[in-house]
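Here are my notes on the model. Please read them with the viewer open.

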Amino acid sequence: MTIKELQERSYQQAVDKGWTERDVLLPEQVALIHSEASEALESWRKNEPVSWEDEKGKPQGIASEYADILIRVGHYAQLLGFDLEVEVLRKLKYNETRSHRHGGKRG
Ligand SMILES: [Mg+2]
């Protein structure tokens with residue numbers, strides 16, 4: 001799957017599941033992306049396996065939450081009207097020009 005396909009599929013699934021029936025403003029998008037990151041942190045705090053399924057077959061763990069982040073970002077990229085694949089490639093290219101640890105930053 002390409003990033004472009006991820007974006008298109010994430011958006012289409014959001015449409016199919018009713019997540020586009022009202023506007024999702026940027027502050028809510030950011031909060032929901034952050035909520036997935038927080039779920040990953042909580043999984044780590046509970047010392048769960050990185051990737052597992054619960055008794056209902058629902059994917060769980062840090063891997064699943066990181067996947068949720070990508071799915072949400074794909075959905076919102078489509079809403080905002082930009083090509084996520086183009087932007088990722090553009091940013092990776094720019095990052096190649098940056099100094100070691102971007103000038104001594106911690107993380
Ligand atoms: Mg989640």
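1. Basis. This is a predicted model; local features need pLDDT of at least 70, side-chain atom pairs count only at pLDDT 80 or more, and totals for chains, interfaces and linings use all residues. Residues are numbered from 1 along each chain as its sequence is written.

2. Helix packing. Helix H1 (residues 3–16) packs on helix H3 (residues 62–80) at about 85 degrees, and their axes are 7 Å apart. H1 is therefore roughly perpendicular to H3 (65 to 115 degrees counts as such). Helices here are DSSP runs of H or I, at least four residues, and strands are runs of E, at least two. Axes are lines fitted to C-alpha atoms over the stretch in contact, with angles from 0 to 180 degrees between N-to-C directions.

3. Contact residues. From H1, Leu6, Gln7, Ser10, Tyr11 and Ala14 take part; they meet Leu70, Ile71, Gly74, His75, Ala77 and Gln78 of H3. Contact means C-beta atoms, placed from the backbone, within 7 Å. By class, this contact has six nonpolar, five polar and no charged residues. Gly is counted as polar, Tyr and Ala as nonpolar.

4. Asn47. Its phi is positive, about 60 degrees, and it is not a glycine. Most residues other than glycine have a negative phi. Asn47 sits in the loop between helix H2 (26–45) and strand S1 (52–53). Asn47 counts as exposed because it has 6 C-beta neighbours inside 10 Å (exposed means 12 or fewer).

5. His102. This non-glycine residue also has a positive phi, about 50 degrees. His102 lies in helix H5 (residues 101–104). His102 is exposed, with 9 other C-beta atoms within 10 Å.

Definitions and conventions
Buried ≥ 20, exposed ≤ 12 C-beta atoms within 10 Å, placed from the backbone. Parallel < 35°, antiparallel > 145°, perpendicular 65-115°, else oblique. Contact = placed C-beta atoms within 7 Å.
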